[in-house]
Amino acid sequence: LVEGVHFDLAFTPLKHLGYKAVAVNVSDIAAMYGFPKQLTVSIGVSNRFSVEAVDALYDGIKMACEAYEVDLVGGDTTASASGIVISVTILGEVDKDKLVKRNSAKEKEIICVTGDLGAAYMGLLVLEREKQVFKANPDMQPSLEGLDYILERQLKPEARKDIANMLKGIKVKATSMIDISDGLASDIMHICKGSKLGCNIYTDKLPIDTVTINVASEFQIDPNTSVMNGGEDYELLFTIRQDDYEKIKDISGISVVGHMTDEASGMQLLTPDGLSVELKALGWDSLKEDTPDKT
């Protein structure tokens, strides 16, 4: 996590940042049906930060380690020419027969997501808006009433460590899985490309919180755009066999949003009125030369 690229300290408390640095890594382990065990944290910090500031960062790291039952076993601290850089390495465990990857989906399988999507991106837009208001007039108080949910989703996301046990409890095994860090479009494309398949995603099935919808309206943004391309939700996207649909259809917090198709059919977003739009990933891609900075 690099200051000015992945986070903005104008509106990101250091304690929250420490927590998030751990949570987003736990999410990667959870996305393979694994359980996090140990992590190391290395930071580069400039001399504009006090010892108290660094302590606040580590307080957040410690809080997350306790919440996710992970042992902090090492790391390093060094000087940075400017800003903060945080590097977390996490180790997890999973039984070999339970391991789930992103490249093992099958045609006609059902696509599911946990929780709701798009809130983190809306939270980011609100924070950036209020930052600009403050820069223009430091006497203005931020307008954040009623927005706690989307702000927390951006500043202090939670990894879905609970899902593996939830699915085990209803005797459902995901056939492929990935965490939603770059937007639903980008991450379902990872599953499709890895599995050499296409997909149909239905806009009327996307789980979106009411606050997310309302804030998207304020910004004149289609909430589906936030879901598909916003990113940083850290919910889980997974596929299951059709035979498991009855077991999962009434589970609170899990939504069926589409199904896998053959590769030739492509990756499609379908609207209730029958319109089909080819999926394009506008989220974060660290290997593209023209990728804009992601905050």
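Q: Leaving aside neighbours within four places in sequence, which residues is Thr-175 in contact with?
A: In this predicted model, Thr-175 is in contact with Val-100, Lys-101, Ser-104, Ala-105, Glu-109, Thr-239, Ile-240 and Arg-241. Thr-175 itself is placed in the loop between α5 (163–169) and β5 (176–179).

Q: Why is Thr-175 called buried?
A: Its relative accessible area is 16%. Buried means under 20%, so Thr-175 qualifies.

Q: What makes the link between the side chains of Thr-175 and Thr-239 a polar contact?
A: The distance is 2.5 Å. The cut-off for a pair of N or O atoms is within 3.5 Å, so this pair of side chains meets the distance limit.

Q: Why are Tyr-19 and Tyr-68 called an aromatic pair, and why tilted?
A: Their ring centres lie 6.2 Å apart. Pairing needs centres within 6.5 Å, so they count. The planes are 50° apart. Stacked is under 30 degrees and edge-to-face is over 60, so this pair is tilted. The model has one aromatic pair by this rule.

Q: Which parts of the chain does the pair link?
A: Distant ones. Tyr-19 is in helix α1 (residues 14–30) and Tyr-68 in helix α2 (residues 51–68), 49 residues apart.

Q: How do you know whether Tyr-19 and Tyr-68 are buried or exposed?
A: Tyr-19 has a relative accessible area of 4%. Tyr-68 also has 4%. The limit for buried is under 20%, so both are buried.

Q: Which residue lies over the face of Tyr-19?
A: Lys-156, at 4.2 Å from the ring centre.

Note on methods: Residues numbered from 1 in each chain as written. Predicted model: local features only at pLDDT ≥ 70, side-chain atom pairs only at ≥ 80, totals over all residues. Heavy atoms only, no water. Phe/Tyr/Trp six-rings, centres within 6.5 Å; stacked < 30°, edge-to-face > 60°. Helix = DSSP H or I, 4+ residues; strand = E, 2+ residues; numbered from the N terminus. Buried < 20%, exposed > 50% of the residue type's maximum accessible area, 1.4 Å probe, protein only. Lys NZ or Arg CZ within 6 Å of the ring centre and 35° of its normal. Polar contact = N/O pair within 3.5 Å; in protein donor to acceptor, adjacent residues only side chain to side chain. Contact = heavy atoms within 4.5 Å.
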